[in-house]
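Biologist: I have a model open and would like to go through it with you. Can you start with the surface and then work inwards?

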Amino acid sequence: MADPLSLLRQFSMQRKQIIERDNNIIFGEFSWPKTVKTNYVIYGKGKDGSAKEYYTLECLLYLLKNIALQHPVYVRQAVSEDVPIVRRPDRKDLLAYLRGQTQSSSSIDKSAPLEMPTQVKRNADESLEGSHKKPRYDESASQKLKSQFAMKYGQKNEGNLIGSGNIKALSDELTTNKIAEIKKKVMSHRRTRIKGVTGEDGDRGLASFADMESDKTNEIRSRERQWRTRITVLQSNGKMFNKNVFAILNSVKARDEGRNNKPVDQLPITMRPGLPPPTQPPMPYNRYGQEYFSGADTEGFNIDTTRTYTGESLKSMMTGGNNPKRAPIPHPQVPRPSAITKPAAPQPGAVPMQKTGKKVSRTPIIIIPAAPKSLITMYNAKEILEDLKFVSTEEKRAAGTKRENDVLITRRKEGGLTVPYRVLDNPGRLTNAEWDRVVAVFVMGQAWQFKGWPYDGPVNILSRIAGFHIKWDEVNLEKNIGNWAVTVIQLSRNKRHLDRAALLTFWEKLDKHMLKNKPHLRF
């Protein structure tokens with residue numbers, strides 16, 4: 001016996017049309033009212049002695065029609081249309097059964113009473129609607145076709161055409177009998193070469209055949225489901241072209257520009273204001289170039305140490321000759337080195353020279369405060385800048401973390417790229433070449449933090465180097481920091497899940513600053 005739940009599953013799997021008319025749901029020849037109960041038990045009913053309740057056929061059909069909606073949206077829409085809803089615990093198991101993914105369900109009550117279906121009576125319009133889909137054999141039309149063939153190719157016409165009365169002999173060889181035989185053979189072949197039937201009945205037969213083929217094609221196309229188009233293939237939900245691709249292009253461009261720049265030793269060295277110019281280093285000692293250092297030391301004898309006798313005769317060499325002396329080759333006068341040469345002590349404030357062929361570092365440098373009251377110190381700088389998570393200095397000390405003079409952090413970028421950054425809190429140890437690589441500084445708000453820096457005043461310093469300040473969100477901002485060009489990063493004392501979003505602003509601002517002012521560095 002057919003039950004509404006099984007027919008609903010069968011029609012859903014075969015994608016057949018389910019008709020709703022006059023508060024009835026029609027499955028082909030069977031029909032049930034919308035409010036008829038199926039044998040699928042509602043979740044939570046029938047337990048602890050309570051009576052069993054079942055979903056109605058209208059409720060399950062409405063779920064299949066709105067299967068693409070989220071469950072909260074489906075519930076609101078069903079309540080607005082006064083349709084019973086399917087509870088969330090039953091949704092997954094019920095849809096798996098109706099789609100054919102599972103053969104049965106534990107919530108189906110096979111002993112539940114079922115209502116008998118009613119037979120559907122087709123209207124005259126519905127019966128005529130499908131009449132053109134199947135060709136019908138019309139006996140009268142067939143008899144008419146036979147009569148037409150008989151009139152056109154019948155024996156009576158053949159006798160009249162082949163009769164000797166209508167044929168005349170053309171020559172002695174082509175007599176009337178021979179011509180009649182040739183015509184008879186032609187007529188017999190004509191019957192086998194009939195290509196089609198012309199007329200109203202023949203056209204009807206061809207139209208019926210075409211309708212059958214079109215019906216099959218429509219049925220096949222009705223089962224097709226469009227998965228993706230050429231437009232949806234190009235769309236992406238997790239990637240933004242202007243953020244991801246442009247960031248990669250900008251980084252590649254900045255890296256190429258830094259690679260194509262002149263070497264550091266060829267660039268003009270910018271001097272600090274008020275410092276003496278750098279001295280030229282002495283020429284190294286060379287045992288094969290003694291005359292360059294000693295000069296013309298001939299102990300009073302008039303000896304030309306730079307003269308050559310190549311091309312001169314023996315007589316001229318014995319008599320001294322009258323050949324003019326050749327002008328000595330000028331050599332740079334450098335101080336004569338001692339037996340043991342000690343490296344000269346560097347003058348204070350002198351700019352160090354890069355050795356030829358030595359690879360110049362392009363690692364950016366970040367300076368943090370040395371004060372213990374600062375939220376970022378050498379203890380927790382790695383966790384804050386690399387892991388983007390705040391850990392207090394007290395916790396790191398309690399865990400036994402040792403304080404380092406320099407910390408090398410690694411920034412992980414999209415695409416698996418890693419970029420190193422050097423973090424320190426003692427800028428007095430930096431050389432002039434290293435000062436050129438300083439890109440960021442964390443400030444506390446006091447001007448004495450910049451004492452001994454190569455630039456004058458916090459305003460001038462923060463115009464060259466990106467400034468940042470970390471504080472708690474409930475603490476008031478320092479007055480000096482409000483007047484300086486500093487990016488303020490506010491952290492919460494208790495909400496550690498907000499640290500990552502707040503600390504990401506540091507890298508965003510730093511990337512923009514380096515792209516504009518320090519494109520030759522690695523970032």
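Modeller: The protein exposes about 37800 Å², and carbon and sulfur atoms supply 53% of it. Accessible areas come from the Shrake-Rupley method with a 1.4 Å probe, and for residues only the protein chains shown count as cover. This is a predicted model, in which local features need pLDDT of at least 70, side-chain atom pairs count only at pLDDT 80 or more, and totals for chains, interfaces and linings use all residues. Residues are numbered from 1 along each chain as its sequence is written, and side-chain values use heavy atoms, with hydrogens and water left out.

Biologist: What share of the residues count as buried?

Modeller: Of the 523 residues, 29% do. Buried means under 20% relative accessible area, exposed means over 50%, and partly exposed is in between (1.4 Å probe, protein chains only).

Biologist: How many helices and strands are there?

Modeller: There are 19 helices and twelve strands. Both are DSSP runs numbered from the N terminus: helices are H or I with at least four residues, strands are E with at least two.

Biologist: Which residues of strand E11 are buried?

Modeller: Seven of the seven, across residues 466-472, so E11 is largely enclosed by the rest of the structure. Ala466, Phe468, Ile470 and Trp472 point one way, while Gly467, His469 and Lys471 point the other way.

Biologist: Why two sets?

Modeller: In a regular strand the side chains alternate between the two faces of the sheet.

Biologist: Which strands does E11 pair with?

Modeller: Strand E10 (residues 438-442) pairs with E11 in the parallel sense over three bridges, and Ala440 has Ala466 as its bridge partner. Six bridges join E11 to strand E12 (residues 486-491), also parallel, with Gly467 opposite Val486. Two strands pair if DSSP finds at least two bridges between them.

Biologist: Where is Asn23, then?

Modeller: Asn23 is in the loop between strand E1 (19-21) and strand E2 (24-27). Its phi is near 60°, a positive value in a residue other than glycine.

Biologist: Why flag that?

Modeller: Most residues other than glycine have a negative phi. Leu388 also has a positive phi, of about 55°, and is found in the loop between helix H14 (381-385) and helix H15 (393-398).

Biologist: Are those two buried or exposed?

Modeller: Asn23 is exposed, with a relative accessible area of 60%. Leu388 is buried, at 9%.

Biologist: Back outside. Which residues form the nonpolar patch?

Modeller: Leu170, Leu174, Ile182 and Val186, with about 360 Å² of accessible area together. Patches are made of residues with over 30% relative accessible area and no salt bridge; like charges are joined within 9 Å, nonpolar side chains (Val, Leu, Ile, Met, Phe, Trp, Tyr) within 5 Å. A salt bridge is a side-chain nitrogen of Lys or Arg within 4 Å of a carboxyl oxygen of Asp or Glu. Val186 lies in helix H8 (residues 176-192) and, at 43% relative accessibility, counts as partly exposed.

Biologist: Last one. Which residues of H19 are buried?

Modeller: Asp499, Ala502, Leu503, Phe506, Trp507, Leu510, Asp511, His513 and Met514.
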